Amino acid sequence: MTELSSIDSGLIPKLEEIGVFSVESLIVKGMNEVKALLPEVDEKKITRVFMEAWRKKGFWFMSAKEYEKTESEREVFTTGSKALDEILGGGIWTWNMAEFYGEQGIGKSQVLQTIASEAIVKGVSTVFIDTEGTCRASRIKEIITKRHIEGVKEPKVNLEEVQKKLTFIQTISTEILFEVIDRLPLTVETKNVKLICIDSLISPLRSEFHGREMLAERQFALARILQKLRTMARVYNLAVAFTNQVVAVPVQSYTGDMFSYKPTGGYVLGHVSEPRVWIRRGGGAKRIARVVDSSWLPERECVFMITDMGAVDVPSRREDKDVA
Ligand code: GTP
Ligand code: MG
């Protein structure tokens with residue numbers, strides 16, 4: 001914090017008390033929240049500190065060349081399926097919040113656990129937030145074993161070492177989820193986290209903020225979480241991948257009433273998730289993934305599979321013959 005000349009020594013302990021311990025965590029906390037939490041501090045003083053912090057970390061006016069340089073620092077992580085990576089423009093990119101949505105049991109949690117498994121195998125420090133209690137450390141171990149240990153020639157992956165790269169958090173209520181999201185910057189900085197997986201982001205909010213009368217409150221809570229995650233993705237150059245459920249929306253057609261499936265979370269979520277990936281059934285273990293509403297990717301589809309190895313490519317005919 002001392003790298004900011006506009007901060008006086010009296011303000012530092014006050015900021016630390018509200019969980020701000022670095023310039024990055026200050027930006028993630030946000031100017032309005034800091035002003036609200038520290039009403040005794042002159043607002044103009046806080047504004048000055050933020051202006052300096054934004055400028056220092058490159059969130060201010062910059063030349064195209066400077067911007068190009070920060071963009072070149074982005075990283076990409078695999079989904080475990082080459083076909084899926086391809087329609088995502090390479091995989092799960094830092095700066096972005098990739099959303100996987102689809103009906104119950106379609107394989108969203110499997111996809112997320114594969115993304116986390118592949119990342120930690122490559123030494124990427126990862127945080128996995130499970131809000132539904134459906135993800136297992138043992139499943140991640142199994143995915144890594146099936147993909148990188150069983151039947152694989154040396155060098156084999158050291159499971160013990162790889163697992164150290166994973167921080168697992170079970171949030172059994174929205175209260176815990178909010179606190180965890182607020183405290184994430186500390187973990188992100190100490191462990192150099194580059195990937196945050198959340199399975200699922202909305203379901204705890206949907207069950208606790210129930211019904212239409214709580215909709216506005218729910219959307220506000222969601223917007224606050226998303227804002228934090230989005231800022232973290234940018235400030236720390238990390239990727240966020242999360243799952244989302246669908247709601248059936250009745251649509252009228254000439255052939256009778258039908259349903260179309262929409263991701264939950266409304267426009268608040270639709271606005272920040274990038275890319276959105278819709279997963280649906282493709283027969284047997286096959287799944288069809290479709291990129292929906294992306295600002296930089298064409299609306300494309302691919303087929304992949306959910307197996308013991310998590311998300312994988314559909315074997316080509318040649319590989320089928322090799323297996324036979
Ligand atoms: P909800 O969280 O209920 O909305 O579902 P989801 O979309 O997260 O589904 P999930 O990722 O839990 O996937 C369930 C599907 O994955 C089922 O079709 C299972 O058959 C398959 N699956 C889960 N675990 C395994 C496994 O260990 N091996 C194999 N082969 N398939 C699995
Ligand atoms: Mg799930």
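The model is predicted: local features need pLDDT of at least 70, side-chain atom pairs count only at pLDDT 80 or more, and totals for chains, interfaces and linings use all residues. Residues are numbered from 1 along each chain as its sequence is written, and side-chain values use heavy atoms, with hydrogens and water left out.

**Sheet.** Nine strands, in the order β5-β4-β6-β7-β3-β10-β11-β12-β13, make up an open sheet of mixed pairing. Strands (E, at least two residues) and helices (H or I, at least four) are DSSP runs numbered from the N terminus, and two strands pair if DSSP finds at least two bridges between them. At the edges are β5 (166-170) and β13 (310-313), each pairing on one side only. From one strand to the next, the twist averages 25 degrees. β13 pairs with β12 (residues 301-307) in the antiparallel sense over four bridges; V312 in β13 is the bridge partner of M305.

**Helices.** Angles run from 0 to 180 degrees between N-to-C directions of axes fitted to C-alpha atoms, for helices over the stretch in contact.

| Helix | Residues | Angle to strand |
|---|---|---|
| α7 | residues 108-121 | about 160 degrees to β6 |
| α10 | residues 174-191 | about 170 degrees to β4 |

Buried residues (under 20% relative accessible area, 1.4 Å probe, protein chains only) of α10 include L177, I181, L184 and V188. The cover over the buried residues of α10 includes β4, β5, β6 and α12 (215-235). N192, with a positive phi near 50 degrees, follows α10.

Notes:
Chains are lettered from A and ligands numbered from 1 in the order in which they are written. Contact means heavy atoms within 4.5 Å. Buried means under 20% relative accessible area, exposed over 50%, partly exposed in between (1.4 Å probe, protein chains only).
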